[in-house]
Amino acid sequence: MIKGTELEKRSRQQTHEAMKGVVRIYGRGFGEGEIRSILDPRFVFPEEWVASGFFIRIEGEEGYILTNSHVVRNATHLEIMSILTSEELFQVEVIVLVPDLEPDIALLKMPEKEVRRYLKIAHLKTLPALKVSFSKSIMRGDEVKAIGYPMGMDEPNISGGEISNFISGSDYSIERLVTDAAINPGNSGGPAITSGGWVIGINTAMIVPAENIGFITPIYLVDNVLQDILEKGEAQIPRLGATLQKNSEANARYLGMKAMEGVIVTEVFKGSLAEKMGLKTHDVIMAINARPIDRHGYVLLEKSYRKKNIYDIIHDTLPSDLISLSIFREGKRLTLKSKATSWAAGEFPSKPIITQRGYIYFAGIIIQEVCEEVISALTVYVAFERVRAYRDYSVQGHNLIVTHVGGGSIGDEAGVELGDMITRINGQRVQSLQEMQHCLIEKRRAGNPLVTLDFSSGAFACFERESLFEDDMKIQYPSEKKFHS
């Protein structure tokens, strides 16, 4: 029998051993410290930042580093540093990242020559890859250590705590583990380890006003995505692609049900898993993979005292796995089956480097073309609904979105709102910044006294020609100032 002090000593040794595989990521580029810069790119400037990551092996091959996608997606240059190699910096490159940050992961790799240099300096034969645990039996109260480089520290920092809670996902967000271990800026991308030095997740975010409420991306969901990365070179979680409504006694009676069970399908999106499976409006999903769903869309897992919803179960499905839905439709129980698909609402294009995203500053508003990064920023900044963007972009074919409205500006006075999609200018359909620029300038030169914008919401805004300047109608790009070496 091992005494308590010996267990504690062994635990410390395992934590210190894991620390060797954690790296300090040094990024240069156009960071996302201020999310408003994505929506209003007039004030974007080059930045430098520090985050964390850790070595892993994939199919026996070394040199891979896991971190958060938000750490690297706006980087133009990335290097790492390790406690084993003093102040030496090593170049790394992004293999793949998840554009919509669901899950918030990126896979980096050291070039072979950099691996050889690292091993020589560290006097090692292999890179110190961490052990990864794909166990799903994580419970509240499980001890956890967060390792990383918070606040730009030169050496890895270890903070301890417990798994304190869980947050369920949605069709557009994955579940998170909640911890009271201190997670600060710079910890992003570092490992969350449990007893034995096993990685159970990636330190991802924290609530700033709160005290020790941090979020961890579960490693078992990362494992699912890594399979897609290796096979397809891309990474997305499976999604249902439907909106759901909780059931009620009155709803159940209306649908001809004897009991208030399951969740009601209210909309099925084109090209989605839901459409592929044959789901229809007013179907009631009663069970997923033989697990009953309550009227709120949850399955209660009694062993861990933890709720998982229908989306969590779908996210934790490999692309090759079969999903089975038991549904109620027009008085009958039916079973629908399909392989999981990594459909994303709208399939928005990704433009991770902000200097490649053009914009037009017109009448006090910023207009950009739709991309994943802009949509993600809107969902965070103003609780913008991705479903709304999906309908406008994928179904209706609109591509120009308002991302900033200056307070008291001409556009603000005209009633323009964040997230509005432009459909026409003076009656002419526009689908790109180039078309918008051409239309605005030509209409102005033609002497038209008004410029009218129509939006997908049905709203419109008129502007007097005399109040507009031609230079404000041209496509611009964020500052491309060069870094100093």
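Colleague: How many residues lie between β2 and β3 in their hairpin?

Modeller: This is a predicted model, where local features need pLDDT of at least 70, side-chain atom pairs count only at pLDDT 80 or more, and totals for chains, interfaces and linings use all residues. Residues are numbered from 1 along each chain as its sequence is written, and side-chain values use heavy atoms, leaving out hydrogens and water. Helices (H or I, at least four residues) and strands (E, at least two) are DSSP runs, numbered from the N terminus. In the turn of the β2–β3 hairpin, E59 has a positive phi of about 50°, and the number of residues between the strands is two.

Colleague: How many bridges join β2 to β3?

Modeller: Strands pair if DSSP finds at least two bridges between them. F54 stands opposite L66 in β3. β2 and β3 (residues 61–67) run antiparallel, and the number of bridges joining them is four.

Colleague: Over how many bridges do β1 and β2 pair?

Modeller: R24 faces S52, which is in β2. Strand β1 covers residues 22–29, and its pairing with β2 is antiparallel, with a bridge count of eight.

Colleague: What is the bridge partner of T67 in β7?

Modeller: β3 and β7 (residues 106–109) run antiparallel and are joined by four bridges. Within β7, the residue that partners T67 is A106.

Colleague: Which are the edge strands of the open sheet of seven strands?

Modeller: The sheet is open, its pairing is antiparallel, and the order is β5-β4-β1-β2-β3-β7-β6. An edge strand here pairs on one side only. That applies to β5 (90–91) and β6 (93–97).

Colleague: What is the angle between the planes of F55 and Y118?

Modeller: A search of the whole structure finds four aromatic pairs. Rings of Phe, Tyr and Trp (its six-membered ring) pair if their centres lie within 6.5 Å; planes under 30 degrees apart are stacked, over 60 edge-to-face, and the rest tilted. F55 and Y118 are an edge-to-face pair, 5.6 Å centre to centre, with their planes at 75°.

Colleague: How many residues apart are F55 and Y118?

Modeller: F55 is in strand β2 (residues 47–58) and Y118 is in helix α4 (residues 112–122). Both residues are buried, meaning under 20% relative accessible area, whereas exposed is over 50% and partly exposed is in between (1.4 Å probe, protein chains only). F55 and Y118 also belong to one aromatic cluster with F90.

Colleague: Over the face of which residue does R42 lie?

Modeller: A charge sits over a ring if NZ of Lys or CZ of Arg is within 6 Å of the ring centre and within 35 degrees of the ring normal. One such case is K307, whose charged end is 4.4 Å from the centre of the ring of Y298. For R42 the distance to the ring centre is 4.2 Å, and the ring is that of Y361.

Colleague: Which backbone atom lies 2.8 Å from a polar atom of the side chain of T317?

Modeller: T317 is in the loop between α8 (310–315) and β21 (322–329), and it counts as buried because its relative accessible area is 5%. Its contacts (heavy atoms within 4.5 Å), leaving aside neighbours within four places in sequence, are N224, P238, I323 and A340. A polar contact is a pair of N or O atoms within 3.5 Å; within protein, one must be able to donate a hydrogen and the other to accept it, and residues adjacent in sequence count only if both atoms are side-chain atoms. The atom at 2.8 Å is the backbone oxygen of I313.

Colleague: What distance separates the C-alpha atoms of T179 and Q91?

Modeller: T179 is in strand β11 (residues 176–179) and is buried, at 1% relative accessible area. A polar atom of its side chain lies 3.0 Å from the backbone nitrogen of A181. Beyond four places in sequence, the contacts of T179 include V144, E162 and N212. Q91 is 88 residues from T179 along the chain, and their C-alpha atoms are separated by 32 Å.
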